[in-house]
Amino acid sequence: MRRASREAEPGNPRNRYASAWRNKDWTIDQNWPSYSAQEHDRWRRLFERQAKLLPGRACEAFLEAKAMLGLSAAGIPDFADLSDRLSALTGWRVAPVAGLIPDDAFFDHLANRRFPAGAFIRPEAELDYLEEPDVFHDMFGHAPLLANPVYAQFLEAYGKGGRRALERGQLHNLARLYWYTVEFGLIASPEGLRIFGAGILSSPAETIFSLEDSSPNRIGFDLERVMRTKYMIDDFQQTYFVIDSFEKLLQDCYQDFGTLYDRLHAAPDIAAHALIEDDRIITKGDFRYFRAKGKAPASDALNAAG
Ligand SMILES: [Fe+2]
């Protein structure tokens with residue numbers, strides 16, 4: 001996940017790589033043999049809990065790729081081994097990092113088919129919610145779809161577009177595309193909606209919520225609409241966007257973003273909960289979950305952009 005979060009303090013046990021030596025590109029040595037039995041066991045429990053929920057909820061491409069890469073409950077994967085299997089399929093590798101890295105370094109990795117993945121595993125106290133991406137979120141949630149050739153091309157193109165977004169001061173627009181697809185995307189299938197976003201796939205509660213709860217909106221993907229839409233970083237999403245296929249996503253995004261950025265520069269942001277004219281509404285949220293937490297907007301504002 002790309003969430004703004006506090007830096008782990010050196011020596012802070014929640015991330016034992018916090019003070020690890022970093023290469024210029026922010027990668028570190030995973031030092032796989034150093035994981036403890038307790039850390040591997042934590043992976044196993046997270047893996048088994050999540051794997052049970054995914055049949056019929058995760059998209060087929062994800063489930064197939066997870067099996068193809070040999071990801072299993074046996075223990076925290078060795079990044080080098082997994083990279084070798086991944087690389088044989090699409091040329092992607094996973095690169096161990098200590099935590100969140102600067103945007104330019106992140107984009108440079110993606111543009112070169114390297115996915116920066118957190119090497120630490122979340123502490124017991126944060127099994128259900130974590131503030132920064134750990135090895136379970138990144139390897140279980142993100143790595144499998146890197147084996148899908150079309151998704152792999154989409155993510156490389158995203159990385160290549162990053163520098164331009166930074167130069168134009170429109171990173172917030174591009175980040176929303178990542179958020180609502182790579183992290184929290186849904187995909188249509190003949191059997192119904194399925195999940196492909198890593199933020200959902202690595203969270204048991206959001207796996208259920210995103211597909212089965214009546215609270216959030218579910219709206220057909222539209223590139224410009226998504227890039228105008230704010231998002232929630234500390235709770236479930238108020239709106240999920242649904243792509244038709246990875247091919248269509250790639251096709252929609254494989255274009256020069258210059259004129260799109262010009263339009264976005266002049267267009268107002270859209271609140272996370274809001275519906276706008278022309279939305280292809282799949283389900284209109286009743287926001288019950290958010291209301292119960294005092295997080296929902298007033299009902300008369302539900303259709304307002306802002
Ligand atoms: Fe992520």
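Trainee: What makes helix α5 (residues 135-142) mostly covered?

Mentor: Eight of its eight residues are buried. The buried ones are Val135, Phe136, His137, Asp138, Met139, Phe140, Gly141 and His142. Bear in mind that this is a predicted model, where local features need pLDDT of at least 70 and side-chain atom pairs count only at pLDDT 80 or more, while totals for chains, interfaces and linings use all residues. Numbering starts from 1 along each chain as its sequence is written.

Trainee: Which elements cover the buried residues of α5?

Mentor: The cover includes α1 (37-53), β1, β2 and α8 (198-201). Those names come from DSSP runs numbered from the N terminus: helices are H or I with at least four residues, strands are E with at least two.

Trainee: How do you know how α6 and α7 run relative to each other, parallel or antiparallel?

Mentor: Helix α6 (residues 149-168) packs on helix α7 (residues 171-183) at about 160°, with the axes 9 Å apart. Axes are lines fitted to C-alpha atoms, for helices over the stretch in contact, with angles from 0 to 180 degrees between N-to-C directions. Under 35 degrees counts as roughly parallel, over 145 as roughly antiparallel, 65 to 115 as roughly perpendicular and the rest as oblique. So α6 and α7 are roughly antiparallel.

Trainee: And what is the label for α6 with α11?

Mentor: The axes of α6 and α11 (residues 246-253) come within 9 Å and cross at roughly 25°. That makes the pair roughly parallel. The crossing is left-handed, meaning the near helix is turned anticlockwise from the far one by less than a right angle (clockwise would be right-handed).

Trainee: Which residues meet between α6 and α11?

Mentor: On the α6 side, Val150, Tyr151, Gln153, Phe154 and Ala157; on the α11 side, Phe246, Glu247, Leu249, Leu250 and Cys253. Contact here requires C-beta atoms, placed from the backbone, within 7 Å. The residues divide into eight nonpolar, one polar and one charged. For those classes, Ala, Val, Leu, Ile, Met, Phe, Trp, Tyr, Cys and Pro are nonpolar, Asp, Glu, Lys and Arg are charged, and the others, Gly among them, are polar.

Trainee: What makes the phi of Asn31 worth a remark?

Mentor: Most residues other than glycine have a negative phi. Asn31 is not a glycine, yet its phi is positive at about 50°. Asn31 sits in the segment before α1.

Trainee: Is Asn31 buried or exposed?

Mentor: Exposed, because it has 12 other C-beta atoms within 10 Å.

Trainee: Why does Asp278 count as exposed?

Mentor: Because it has 8 C-beta neighbours inside 10 Å. Asp278 lies in the loop between α12 (258-266) and β7 (281-283), and its phi is also positive, near 80°.

How values were computed. Buried ≥ 20, exposed ≤ 12 C-beta atoms within 10 Å, placed from the backbone. Contact = placed C-beta atoms within 7 Å.
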